[in-house]
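Open the model in your viewer and keep the selection tool at hand. This tour tells you what to pick next and what is there.

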Amino acid sequence: MTHKNSFLRRHIYALLSSLMLAVLTGFVLLDTFVLPHAITSAATAVLPHAITSAATATTTSTQATQTAESQTQTSLGMSSTVVNAAASTAQTDSQSEAASNEAVVTDSTYLGNGIRIVITTVRTADTNAYVADVQLSRADSLKTALAQNTFGSNITQTTSEIAAANSAILAINGDYYGANKRGYVIKNGALYRDTVRQGDVTQDLAIYADGSFEMIDETEVTAQELLDSGVVQLLSFGPALIENGTLQVSAADEVSRAKSSNPRTAIGIIDELHYIFVVADGRTGESEGLSLLALAQLIESYGCVTAYNLDGGGSSTMVFNGTVVNQPTTNGTMISERVVSDIVYIAA
Amino acid sequence: MSTLLRDGTPADWRKTALTYGIIAAFCGIFSVVYLQFSHKESSPFLVWLFAPSLLLGMIPALLMRRTRPIRRPGIAVRRVWNTAVATLTCGMLIRAIINISGRYTEYDRIYWVLSGVLFLAAAVIDVLLRFAKGTDNRVDMT
């Protein structure tokens, strides 16, 4: 007993300091990776100023959208019945309404409701990449959604679960905003977070109400200014892959992280309301994965003028009509979907 | 940790150096293994995880072996110093794990500040003890 007391007395400082360090570290790890912090639900987060801004942006861009719609309808190659019905909400003819709801769907294509999606699988750099060519007649068919319809940290669901909850035709994982405590978050016209993110990359992809893309730097513009200028979606991951038709990544300036081959997700725009979604497999025997440069070159080959890298690794997932298209990896190389904070999707 | 602090003889400092050396080696091996499974994602904090134990633990302990007893820090200072090294190592590990997972955290600041305070406290305690007790600075906190 005396020996035991002596041991405790002699080691009490070491025991207490080790215990405190262990408790602190345990809390930090749990709070970072596990404990969910729901801040607000997406339904209630659409603040008045956000609604106003989105509405204003929609109003000011109506003309451009209408022009884009007419151009896209022509270029989509859809049957005139489908195109007209999708574009015109004013039509009251019941026959046309029925036609607007009819979509021709196969395992890799969707045509209808003013939406044309064609998914192709390409093989590059020992990797399977899934490329979805998306053409829309309405800009608001391009949307984002939050896991559990809630904004917060460690609030997650799989891409397919979020896609199903939002009736998505096509979905890819988003920017995993929940992984960070800072950084602008604007989703569907609502401002959720307005603190500038820290780290090497502060460049975001802004999507305007008319469906156009623009790269912005969080250190140069406030989140409110973005909202006021008509930004309805902000994707905050990066880096930019292509800007103004020029590659923004190169082998020379890549950091080790970017050089490595990994699963990747990216989004790009070719023309008005004409987008490319790319998800590349990786970390499997079949697919090594892509470097950022390889990803940028792939997406450039489709004629994208602006393209942006989204959350990759185990998060990289593409879902089409409720089916996971690619082979997402979790916990290393296990083929299964990983939970994420948000998705980018197409819905009628 | 306190097994390193029984006394300030050269043998004890050698034991301290050996223990810190083992911890540094463990950190180095841990880093290599972690990086093997991190899908080529890396962090300088993981690569240099062994450095605090080596530079702030093992090497000072080896130097203390050769120092005159009068110059050696007391047990209180050594305990606070060891805690500072442990805190710094933990901070680097946390930062590395979070960075490699693709996240960004500000929690690591707690570790940097805490270890800085502890290093400073060790220095202040050492000076105060020397000032208060002259050459006899061997005070047992327990």
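Helices (H or I, at least four residues) and strands (E, at least two) are DSSP runs, numbered from the N terminus.

This is a predicted model, in which local features need pLDDT of at least 70, side-chain atom pairs count only at pLDDT 80 or more, and totals for chains, interfaces and linings use all residues. Residues are numbered from 1 along each chain as its sequence is written, while chains are lettered from A and ligands numbered from 1 in the order in which they are written.

**Stop 1: the helices of chain B**

Stay on H4(B). Of its 26 residues, 25 are buried, so this helix is largely enclosed by the rest of the structure. (Buried means 20 or more other C-beta atoms within 10 Å of a residue's own, exposed 12 or fewer, partly exposed in between; C-beta atoms are placed from the backbone.) Next, pick Gly102(B), which follows H4(B) and has a positive phi, near 90°.

Now select H3(B), residues 51-65. Its 15 residues should span 21 Å; the end C-alpha atoms are 20 Å apart, which agrees. Its buried residues are Pro52(B), Ser53(B), Gly57(B), Met58(B), Ala61(B) and Met64(B). Among the elements that cover them are helix H1 (10-36) and helix H4 (75-100) of chain B.

Move to Leu120(B) in helix H5, residues 108-133. Is Leu120(B) buried or exposed? Leu120(B) is exposed, because 12 other C-beta atoms lie within 10 Å.

**Stop 2**

Select S6, S25, S9, S20 and S21 of chain A. In that order, these five strands form an open antiparallel sheet. (Two strands pair if DSSP finds at least two bridges between them.) S6 (142-146) and S21 (323-324) stand at the edges with a single partner strand each, so one side of each has no neighbour in the sheet. Zoom in on S20(A), residues 318-320, which two bridges join to S21(A). There, Val319(A) has Val324(A) as its bridge partner.

**Stop 2: the cores**

A nonpolar core is a set of buried Ala, Val, Leu, Ile, Met, Phe, Trp, Tyr and Cys residues joined through C-beta atoms within 7 Å. The largest has 83 residues; Leu241(A) is one of those that touch the most other members. Another core lies apart from it, with 33 residues, among them Cys27(B), Met58(B), Val80(B) and Cys90(B).

**Stop 3: where the chains meet**

Show both chains. Here 22 residues of chain B are in contact (C-beta atoms, placed from the backbone, within 7 Å) with 23 residues of chain A. The predictor gives the complex an ipTM of 0.85 and a pTM of 0.76.

**Stop 4: confidence**

Colour by pLDDT, the predictor's confidence in each residue, from 0 to 100. Chain A averages 82, and chain B 86. Within chain A, the mean is lowest in helix H4 (residues 80-87), at 34, and highest in strand S9 (residues 170-173), at 98. Finally, select residues 46-99 of chain A, where pLDDT stays under 50. Where pLDDT is low, the predicted coordinates should not be read in detail.

Notes. Contact = placed C-beta atoms within 7 Å. Expected span 1.5 Å × (residues − 1).
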